[in-house]
Amino acid sequence: MKMYNFNAGPSILPREVIEATAAACLEFNGTGLSLMEISHRAKYFQPVVDEAVALTKELLDVPAGYEVIFLAGGASTEFCRVPYNFLEKKAAYLNTGVWAKKAMKEAKLFGEVVEVASSAAANYTYIPKDFVIPADADYLHITTNNTIYGTEIRKEIDSPVPLIADMSSDIMSRPVDVSKYNLIYAGAQKNLSMAGVNILIVKVDALEKVSRAIPTMLNYMTHVTAGSMFNTPPVVPIYCAMQNLRWLKAQGGLEKMDRLAHERADIVYGEIDRNKLFRGTAKEEDRSLMNICFVMNDEYKELEADFLKFATERGMVGVKGHRSVGGFRASCYNAQTIEGVNALVACMKEFESKH
Ligand SMILES: *Cc1c(COP(=O)(O)O)cnc(C)c1O
């Protein structure tokens with residue numbers, strides 16, 4: 001049976017990218033050795049990092065003065081590295097979900113944290129608007145895509161202070177005006193690569209402005225200076241990211257990804273809104289194109305487990321919603337196909353016809 005991968009993360013990757021990475025694990029570039037057993041200092045690996053950096057700069061149109069680095073530790077480590085490197089006195093945070101809250105918790109260890117707005121009282125079903133950003137904050141931290149709740153900020157926020165964004169689950173899904181950000185970071189395992197590496201796009205000028213001493217490995221400047229090679233980097237996830245960046249470019253880049261994301265999301269949300277059994281959980285104007293969250297309508301609540309079983313039997317993988325939202329979540333990252341979303345919609349229609 002053909003499987004359709006809707007996992008929220010780790011998540012779907014293009015088949016070609018998985019095959020190229022698997023091949024390099026068996027033999028890397030005709031060296032007779034596996035990618036897993038060569039030195040990252042060997043002349044063979046540097047071109048991989050260089051290409052991943054160059055492709056990121058090209059795809060995101062990264063302006064001069066920014067550097068792209070790859071670091072281990074997961075996006076969760078950036079929650080503490082961000083205030084370590086950027087919070088001198090006060091930072092502003094937009095609370096749009098569990099990941100944003102975790103980022104705030106770490107920042108509080110370093111200084112004053114202003115929560116500019118929160119949608120917690122509505123279980124994060126919308127993105128707060130019209131909030132006041134303190135002009136004396138060192139930065140405003142946002143989570144552009146809320147993986148768990150299926151809400152997304154797709155328009156650049158107008159801010160008097162530099163932005164820092166956790167783009168873990170929508171990086172490379174659309175063009176971004178990088179110049180508005182002091183830092184963009186993302187764990188790779190949602191929309192870029194396999195787990196094990198973070199991508200960071202950092203404004204070099206904005207570093208080394210805090211007065212505290214920063215441990216070497218937590219200091220972004222260490223890794224900017226060393227070109228992601230200060231210590232042994234996660235070579236396989238970086239290689240996989242490089243292959244995926246090549247794939248993204250070959251597909252037509254981020255404008256194309258944005259168009260396809262809209263196309264996929266229109267198909268799924270269209271069915272959620274039409275089908276009498278289901279309803280979306282996020283406020284319409286804030287609906288994520290990456291993680292589509294929906295539940296059974298109240299009068300059909302008891303069919304939830306049945307639908308999950310029905311969809312699973314037809315090859316849908318990972319459509320169970322996060323426990324804090326319930327229902328279902330169809331993650332539609334870059335590698336998700338129109339065929340995949342059509343297969344899900346066919347399941348929803350068929351299930352409706354039975355009830
Ligand atoms: C998954 C996720 C994280 C956490 O990533 P780890 O790599 O597991 O630490 C952080 N932020 C967002 C938006 C996520 O989706």
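This is a predicted model: local features need pLDDT of at least 70, side-chain atom pairs count only at pLDDT 80 or more; totals for chains, interfaces and linings use all residues.
## The largest pocket

The largest pocket in the model has a volume of about 500 Å³. Its lining is made up of 21 residues. Lys-129, Glu-152, Arg-154, Glu-285 and Asp-286 are the lining residues that lie nearest the centre of this pocket. Sorted by class, the lining of the largest pocket holds 12 charged residues, 8 nonpolar residues and 1 polar residue.

Domain 1 (15-251) and domain 2 (252-354) each supply at least three residues to its lining. Among the elements of the structure, helix H7, which covers residues 253-274, gives the most to this lining, with 4 residues.

## The second largest pocket

By class, the lining of the second largest pocket consists of 8 nonpolar, 4 polar and 3 charged residues.

## The cavity

The structure holds 1 cavity of 30 Å³ or more. The volume of the largest cavity is about 30 Å³. Its lining is formed by Ile-12, Leu-13, Pro-14, Asn-191, Leu-192, Asn-244, Trp-247, Asn-334 and Ala-335. In this lining 6 residues are nonpolar and 3 are polar, and there are no charged residues.

## How the helices pack

Two packed helices are described by the angle between their axes and the distance between the axes. Helix H6 (residues 235-251) packs with helix H2 (residues 46-59) at an angle of about 40 degrees, and the two axes are 9 Å apart. An angle under 35 degrees would count as roughly parallel, and one from 65 to 115 degrees as roughly perpendicular. H2 and H6 are therefore oblique to each other. Their crossing is left-handed.

Helix H6 also packs with H1. Here the angle is about 140 degrees, and the axes are 9 Å apart. Angles over 145 degrees count as roughly antiparallel, so H1 and H6 are oblique to each other. The crossing of H1 and H6 is right-handed.

A further pair is formed by helix H8 (residues 304-313) and helix H9 (residues 338-353), which pack at an angle of about 130 degrees with their axes 10 Å apart. That angle makes H8 oblique to H9. H8 passes H9 in a right-handed crossing.

## Two backbone features

Most residues other than glycine have a negative phi, and most peptide bonds are trans. The model contains an exception to each of these patterns, as follows.

The peptide bond from Gly-9 to Pro-10 is cis, and its omega is near -10 degrees. Pro-10 sits in the loop between E1 and H1.

Tyr-124 is not a glycine, yet it has a positive phi of about 60 degrees. This residue is found in the loop between strand E4 (112-118) and strand E5 (140-143).

Key: Residues are numbered from 1 along each chain as its sequence is written. Side-chain values use heavy atoms; hydrogens and water are left out. On a 1 Å grid over the protein atoms alone, a cavity is a set of points where a 1.4 Å probe fits but cannot get out, and a pocket is an open set with protein on both sides within 12 Å along at least five of seven lines; lining residues have an atom within 4 Å of a point. Grid points are joined across faces, edges and corners, and a volume is the space filled by probe spheres set on the points. Helices (H or I, at least four residues) and strands (E, at least two) are DSSP runs, numbered from the N terminus. Ala, Val, Leu, Ile, Met, Phe, Trp, Tyr, Cys and Pro count as nonpolar, Asp, Glu, Lys and Arg as charged, and the others, Gly among them, as polar. Domain bounds come from an automatic or database domain assignment. Axes are lines fitted to C-alpha atoms, for helices over the stretch in contact, and angles run from 0 to 180 degrees between N-to-C directions. A crossing is left-handed if the near helix is turned anticlockwise from the far one by less than a right angle, and right-handed if clockwise.
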